[in-house]
Amino acid sequence: MQTYIGTPTSRIDGRAKVTGQAKYAGEFNVSGLAYGEVVASTIPRGRIVSIDASEALRVAGVLHVLTHENRPRMADKDTAYKDDVAPEKGSPFRPLFDARIHFSGQPIALVLAEEWEIARFAATLVRVEYQREAHVTDLSAQRPHAFIVEKPEKPRGNAAKALAAAAVRHEAEYFIPIEHHNPMELYAATATWDGGGKITVYDKTQGVQNVQRYLCGIFAMTPDDLKVVSPYVGGAFGSGLRPQYESVLAVLAARALERSVRLVLTRQQMYGLGHRPASIERLAIGASEDGILEAMTHEAIAETSQYEDFSRNDTGWSGLLYKCANTRYVHKLARLDLPTPCDMRAPGAATGVYALECAMDELAVALKVDPLELRLRSYSARDQHQDVPYTSKKLRECYREGAQAFGWDKRNPEPRSMRDGSELVGWGMATGVWEALQMKFVARIVLTANGHAEVSCATSDIGTGTYTIMAQVTADMLGLPLENVTVKLGDSTLPLAPVEGGSWTAASIANAIVKTSDKVREALWRAAKAMPNSPLAAAKLDDVRLMDGRIVDKTETGRGVSIADAMRHGGLDRVACESDPGFKADTSHARNTHSAIFAEVKIDEQLGIIRVTRVVNAVAAGRILNTKTARSQIMGGVVWGIGMALHEETLVDHTFGRIMNANIAEYHVPVNADVHDIEVIFVDEPDEIINPLGIKGVGEIGIVGTAAAIANAIYHATGKRVRDLPITLDELSA
Ligand code: MOS
């Protein structure tokens with residue numbers, strides 16, 4: 001039945017991407033395009049006193065300079081600016097709305113010209129006078145003013161008392177700096193002026209319908225008049241979950257000029273978007289002599305902006321992952337004059353679990369227990385918060401298979417005990433955990449009598465492989481060859497989809513396709529039964545399946561009729577079905593993915609240069625739909641984990657309140673030379689509860705725990721514990 005599901009199927013959009021046929025938001029060409037260039041604020045807080053665009057306007061080819069003073073009308077109310085992913089509390093940012101400056105890098109004017117180069121040049125001629133106000137961009141400076149945000153995880157027992165009574169304790173603070181997503185594709189929007197006031201926005205986004213609702217709210221337009229299209233996305237990692245300001249500016253400009261407009265941000269301007277918030281994570285863990293966890297407290301202090309309260313679950317993983325009777329969590333936010341932080345791959349977990357898993361390693365050292373053994377001693381088979389079973393949880397198998405592939409049993413626990421020539425060798429491990437969420441998606445399938453199916457949904461493919469898994473599931477459910485399936489996505493006019501995020505897309509869209517396929521099968525079954533002398537005359541709906549272009553009896557697959565014949569007899573030239581969006585919310589089980597990561601580092605003792613020479617990441621994430629694209633997801637997460645551990649750090653000059661390394665020359669990300677051997681293992685995790693195909697999703701789990709495994713390996717190699725990321729050679733040799 002399943003020819004494609006579970007196989008390493010190559011991306012069906014791969015050829016379009018490598019040949020340049022795949023068009024991205026800034027590449028859609030229409031005639032009469034005008035080009036926009038953003039002018040960004042150079043101060044972090046205050047007001048614009050005046051903007052003098054006269055010099056810019058004198059440049060030949062400049063059409064207009066839009067500012068808060070001359071822009072077309074935009075909504076006044078906050079609610080118009082709330083998108084699906086906006087924080088509950090706060091007032092979303094509005095580009096070119098008024099004179100207020102909220103952060104350095106804020107868009108404050110848009111120069112429009114006949115050519116992009118002209119716009120870029122003219123943008124340098126716009127003179128801005130500001131009235132500055134005192135700002136703060138330093139998390140530690142704002143720490144005393146941090147306020148508590150409520151989180152759903154409830155404390156258990158009495159953590160303070162149990163901690164005080166524990167035989168062995170570890171308490172420390174870990175720091176994760178601001179990180180930026182840095183997707184390859186720059187944020188861009190092409191707004192085409194379609195006539196009669198209608199606009200199509202080709203936008204870089206993780207959710208076309210989210211952007212459509214948002215723009216319609218801001219510009220008082222209807223979905224019929226404004227559609228959003230985003231067929232390909234060159235990486236986003238969470239930065240495109242909320243609509244970004246380029247979409248608003250492109251529509252503003254198109255309305256102002258009554259003309260099509262393209263706007264592409266520069267790499268530097270990308271640092272004026274959201275980011276992973278810097279956070280201080282304070283862990284305190286207490287254990288008995290024999291290494292059983294008795295108390296755990298996790299306090300996170302993260303930054304947010306002055307205008308919105310952004311936070312994710314940093315602390316709740318601690319009490320979820322291990323069995324521990326006494327737990328307490330505190331999440332605090334400190335306001336800074338920076339843009340509102342946003343989701344970045346495994347938001348909350350990437351940071352919170354980094355701290356937890358380093359703290360567990362430190363506790364293991366204090367207890368003189370093997371770090372893997374320590375985790376097994378407090379293994380939790382049930383969700384500790386809700387006290388319910390998991391739909392499936394093969395974390396034990398992740399530990400076992402990962403340790404075996406890595407050779408963990410050959411580890412000498414003594415720091416600085418392992419060497420390779422002039423290099424110190426360190427082995428570290430960590431656990432990873434993420435959610436296995438499912439959302440409301442609708443899939444439409446149109447099957448034509450020639451045996452071709454088109455499956456569509458407004459979801460995105462941010463590079464994860466959504467096109468491909470949609471085709472695989474459709475092909476298997478309808479019994480068609482993969483090449484007979486066409487996939488349409490990334491268009492707001494297609495059936496319902498939320499943003500592509502949270503690792504929920506694969507499971508959710510696969511469910512929707514299964515449901516839609518059942519309807520297609522039913523239509524074909526009716527047609528097949530009605531045929532004269534039908535071999536399926538007595539067959540019930542549950543008795544039939546679709547395979548090899550036929551509708552057949554499940555138990556006797558030789559008995560059946562061709563789909564083409566059934567459709568012809570039934571007078572159907574096409575069967576078109578849509579799934580209903582509903583699904584039962586079920587709180588009787590917890591849904592998570594898990595992983596065990598083992599890392600080897602080699603460190604030059606004289607120079608302190610760190611190389612991550614091996615990583616084994618063993619993942620339990622239900623049934624893997626596509627072992628090739630899923631492996632890519634985990635590898636990408638591991639590479640980012642290497643970056644998080646060793647390289648990535650957005651540096652703010654607190655005097656100016658401005659990011660100093662807003663480019664990928666000075667904001668370091670791992671390059672090929674930094675990435676060595678990565679082994680991805682998918683442990684067998686059958687799951688008959690979570691959904692019909694047993695799918696969980698793998699977009700984010702690969703990063704969770706990876707930086708901790710590397711940090712723990714660095715300690716093991718050197719005997720030096722660096723808790724603040726990134727771990728650079730100067731810190732190591734300090
Ligand atoms: Mo992901 S951070 O939900 O795109």
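The lining of the second largest pocket divides into 10 nonpolar, 9 polar and 4 charged residues. This structure is a predicted model.

- Strands S1 (34-40), S6 (127-132) and S30 (658-659) each supply at least two lining residues.

**The cavities**
- The count comes to 6 cavities of 30 Å³ or more.
- The largest cavity has a volume of about 280 Å³. It is lined by 20 residues, and Phe93, Arg242, Pro243, Gln244 and Tyr307 are the closest to its centre.
- That lining has 13 nonpolar, 4 polar and 3 charged residues.
- The second largest cavity has a volume of about 120 Å³. Among its 16 lining residues, Pro277, Phe310, Asp314, Gly348 and Thr351 lie nearest its centre.
- The lining of the second largest cavity divides into 7 nonpolar, 5 polar and 4 charged residues.

**Thr67**
- Thr67 counts as buried because its relative accessibility is 5%, and buried means under 20%.
- A polar atom of the Thr67 side chain lies 3.0 Å from the backbone nitrogen of Glu69.
- Leaving aside neighbours within four places in sequence, Thr67 is in contact with Ile51, Leu96, Ile108 and Ala109.

Methods
Residues are numbered from 1 along each chain as its sequence is written. This is a predicted model: local features need pLDDT of at least 70, side-chain atom pairs count only at pLDDT 80 or more; totals for chains, interfaces and linings use all residues. Side-chain values use heavy atoms; hydrogens and water are left out. Buried means under 20% relative accessible area, exposed over 50%, partly exposed in between (1.4 Å probe, protein chains only). A polar contact is a pair of N or O atoms within 3.5 Å; within protein, one must be able to donate a hydrogen and the other to accept it, and residues adjacent in sequence count only if both atoms are side-chain atoms. Contact means heavy atoms within 4.5 Å. Helices (H or I, at least four residues) and strands (E, at least two) are DSSP runs, numbered from the N terminus. Ala, Val, Leu, Ile, Met, Phe, Trp, Tyr, Cys and Pro count as nonpolar, Asp, Glu, Lys and Arg as charged, and the others, Gly among them, as polar. On a 1 Å grid over the protein atoms alone, a cavity is a set of points where a 1.4 Å probe fits but cannot get out, and a pocket is an open set with protein on both sides within 12 Å along at least five of seven lines; lining residues have an atom within 4 Å of a point. Grid points are joined across faces, edges and corners, and a volume is the space filled by probe spheres set on the points.
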